[in-house]
Amino acid sequence: MAPANSSALFSAFARTPIHFERGEGCRLFTNEGEEYLDFAAGIAVNSLGHSHPHLVNALKTQAEQLWHVSNLYESPQQESLANRLCENSFAERVFFTNSGSESMECAFKTARRWHFENGNPERVDIITFEGAFHGRTLAAISAGGNEKYLMGFGEPVSGFKQVPFGDHDALKAAIDDKTAAILVEPIQGEGGMRPVPHQCLRGLRELCDDAGILLIYDEVQCGIGRTGRLFAHQWIEGAEPDIMGIAKGIGGGFPVGACLATERVASGMQPGSHGTTYGGNPLAMAVGNAVLDVVLKDGFLEDVQEKAINMRQRLAQLADTFPDLIESVRGDGLMQGFKCKALNTDIVAAFRAEKFLTVPAGDNVVRLIPPLTIDDADIQEAVAKMETALTKLQKAG
Ligand SMILES: *Cc1c(COP(=O)(O)O)cnc(C)c1O
């Protein structure tokens with residue numbers, strides 16, 4: 001029985017007492033009919049906004065045909081989505097999952113297994129960077145290395161080493177004959193919207209090639225059009241990974257993730273080496289394919305790039321207007337953040353009071369990660385709401 005006067009849910013989340021009932025585009029409506037402008041997008045998940053007609057239709061059509069058969073049988077829906085992901089990236093093989101954490105878990109196993117098959121079973125260590133976030137499974141919190149997330153859960157999973165963000169010497173020193181891979185988010189999301197400089201990603205690729213180790217990207221947050229390219233690293237030549245985890249945006253709100261890899265590296269994963277019950281189920285694949293229909297349409301990503309430039313300029317103006325509250329603007333594309341001087345959670349709350357939703361991140365940052373489908377009027381409205389909220393905060397302060 002649920003305790004009287006309290007929730008039957010785990011109290012693992014500090015939930016804001018708002019109850020959303022319906023969504024349309026970048027708007028959310030509460031059970032009391034109040035309208036919010038959504039620049040949180042389910043934490044960069046609702047890539048095409050809420051109730052996108054093409055996604056709704058794809059899910060309905062698939063729901064009437066077939067929900068689930070397991071990975072014991074062929075899946076034309078998986079083949080189709082995998083082919084499209086490969087045609088549009090470095091990848092040649094795809095394993096579908098239900099979440100970002102699972103995609104990263106598959107990435108870790110794929111990297112270790114490849115070294116195992118190549119006669120180097122001792123190569124199990126994965127090097128990560130401070131501020132990283134790779135999910136909440138035991139392996140993912142071990143990779144992320146955030147003390148707050150590790151506390152109380154026993155010994156971290158072995159085989160993860162962390163170096164400071166941007167410390168080239170520490171990174172080189174960390175590589176030894178037990179290293180399997182380097183893992184990095186091309187743009188740190190949860191860690192505070194920190195892009196890795198382009199030349200550094202290229203440098204990581206070279207370092208990995210020289211050391212005979214693998215480069216793994218976590219594009220769970222920055223992938224699927226968020227920066228105006230299908231994948232964030234595609235802005236940079238000569239910086240392709242061997243393995244990459246994606247999730248969030250590819251499902252547009254339906255739980256889907258994937259681990260992408262080159263043929264060479266994926267070849268270590270043989271029948272029986274990994275598995276999932278739900279991963280790649282027809283409902284998820286129908287939605288994933290529908291998301292790509294929209295994102296890969298001529299002009300869509302170019303549009304995102306233009307909107308991103310507009311948003312970035314507006315945010316920079318806000319930062320100039322409120323120097324006591326905002327230190328700087330960070331990020332790339334429609335993945336922007338305010339590095340705050342005031343407490344980031346106070347700013348998120350002040351925005352929310354103006355019916356504008358954003359997400360806090362590490363390093364005292366406020367994340368702005370709207371649906372990719374917003375238009376310039378939405379950005380203008382967002383800026384007006386932020387201006388009102390920041391003015392009130394400044395007066396109160
Ligand atoms: C959200 C996120 C994850 C974890 O995804 P889940 O679906 O919550 O398991 C992993 N990596 C990054 C970069 C993320 O933003």
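## Between the domains

Domain 1 and domain 2 share 0 salt bridges (a side-chain nitrogen of Lys or Arg within 4 Å of a carboxyl oxygen of Asp or Glu). The model is predicted: local features need pLDDT of at least 70, side-chain atom pairs count only at pLDDT 80 or more, and totals for chains, interfaces and linings use all residues. Residues are numbered from 1 along each chain as its sequence is written, and side-chain values use heavy atoms, with hydrogens and water left out.

Polar contacts do link the two domains: 7 residue pairs, both residues at pLDDT 80 or more. Such a contact is a pair of N or O atoms within 3.5 Å; within protein, one must be able to donate a hydrogen and the other to accept it, and residues adjacent in sequence count only if both atoms are side-chain atoms.

## Layout and buried area

Domain 1 covers 20-51 + 299-396, and domain 2 covers 54-295. These bounds come from an automatic or database domain assignment. The domain centres, taken over C-alpha atoms, are 27 Å apart. Each domain gives 28 residues to the contact (heavy atoms within 4.5 Å).

The two domains bury about 2300 Å² between them, with 64% on carbon and sulfur atoms. Buried area is the accessible area (1.4 Å probe) that two parts lose on being put together, summed over both. On the domain 1 side, Leu48, Leu301 and Met335 lose the most area, together 27% of what that side buries.

## The domain 1 face

Among the elements giving two or more residues to this face are helix H1 (41-44), helix H11 (300-321) and strand S14 (335-340). Helices (H or I, at least four residues) and strands (E, at least two) are DSSP runs, numbered from the N terminus. H11 gives the most, with 4 residues. The face divides into 15 nonpolar, 9 polar and 4 charged residues.

The structure holds 15 salt bridges. In one, Arg84 and Asp293 bring their closest N and O atoms to 2.7 Å. Arg84 lies in helix H3 and Asp293 in helix H10, so the pair ties together parts 209 residues apart in sequence.

Conventions
Ala, Val, Leu, Ile, Met, Phe, Trp, Tyr, Cys and Pro count as nonpolar, Asp, Glu, Lys and Arg as charged, and the others, Gly among them, as polar.
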